[in-house]
Amino acid sequence: MTDHRGVGVSRPLSLGRYLIEEIVSPAFYIRSDQVLDVTIEHSGQIIRQTFYNEPANVGVEVRKIGPAEVMAGQPIIWDITTIANASSISLSDFYVRDILPAHVVRLDRVFTGTFNQQLRYSVMFRTNTNDQWRVAYDNLLSTTNNALVMSPAALSLASGEFVTEIMFQFGTVRAGFRNVENPRLEGTVLDGLPDGYEFANRIDIGGRTGSEWVIGNSVWTTRIFRPAGRHPRTGS
């Protein structure tokens, strides 16, 4: 292991030939593919070698869209059109979190979409009465568009308990990871909301390189439409 200056010292090694390669690069740098071929010929011999790392392009992308207007008491659908590791390196602990407008909407189902890299992942959730993350569905395959029921009955929630946040936990994803089919959230708008009432759905995305986090977010705003409450517009 190297220190904060990138300098590392090995333990004493036996005489012989060694191949040396970099296992993990510093944060925000691309791992070197260089393999050093060195030979220790006598006791006490010191060999100094240097690895050069190119700086990485690091970024994540997320975008969510939904209806501009929706009627109270009716279904609502949001599509997550972009989930991506836009970096030139892998990111660990990669996640996508959706923060529902739970004062307005109840979540019914999630379609997970599909992704261009095959891996297993989990869908977690939080509720209005429990801020601990719990597993809703585990060991999901990223190349299958899974239909997940997220109702209180399906998740064995208590009376009056409902989902307020969900999170996809992917673990480590390689550079270029992105969705193929769009994930989708289906919910129901609560009844009795006034005409023109606006609410926002928020989503964030992140991954880690070393100890540093790379974060992105997106927001979609929807307005309640009540036909009986609208006054006709007049021209000027």
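Start by selecting the open sheet of 5 strands, whose order is 3-5-12-7-10 with antiparallel pairing. Strands here are DSSP runs of E with at least two residues, numbered from the N terminus, and two of them pair if DSSP finds at least two bridges between them. Colour strand 3 (60–65) and strand 10 (147–149) next: these are the edge strands, each pairing on one side only. On average, neighbouring strands of this sheet are turned by 25 degrees against each other, direction ignored; the axes behind that angle are lines fitted to C-alpha atoms, and angles run from 0 to 180 degrees between N-to-C directions.

A word on what you are viewing: this is a predicted model, where local features need pLDDT of at least 70 and side-chain atom pairs count only at pLDDT 80 or more, while totals for chains, interfaces and linings use all residues. Residues are numbered from 1 along each chain as its sequence is written, and side-chain values use heavy atoms, with hydrogens and water left out.

Now zoom in on strand 5 and strand 12 (residues 184–189), which run antiparallel and are joined by 5 bridges. Pick Ile77 and you will find its bridge partner in strand 12, Glu186.

Step back to Gln74, in the loop between strand 4 (69–70) and strand 5 (75–85). Show its contacts (heavy atoms within 4.5 Å): leaving aside residues up to four places away in sequence, Gln74 touches Gly187, Thr188 and Val189. Gln74 is partly exposed, at 38% relative accessible area; buried means under 20%, exposed over 50% and partly exposed in between, with a 1.4 Å probe and protein chains only.

Next, display the aromatic side chains. The whole structure holds 10 aromatic pairs. Rings of Phe, Tyr and Trp (its six-membered ring) pair if their centres lie within 6.5 Å, with planes under 30 degrees apart counted as stacked, over 60 as edge-to-face and the rest as tilted. Phe115 is buried at 3% relative accessible area, and Tyr121 is buried at 2%.

For a last stop, select Asp93 in strand 6 (residues 91–99). Its phi is near 50 degrees, a positive value in a residue other than glycine. Asn139, in strand 9 (residues 134–141), also has a positive phi, near 60 degrees.

Technical notes. Helix = DSSP H or I, 4+ residues; strand = E, 2+ residues; numbered from the N terminus.
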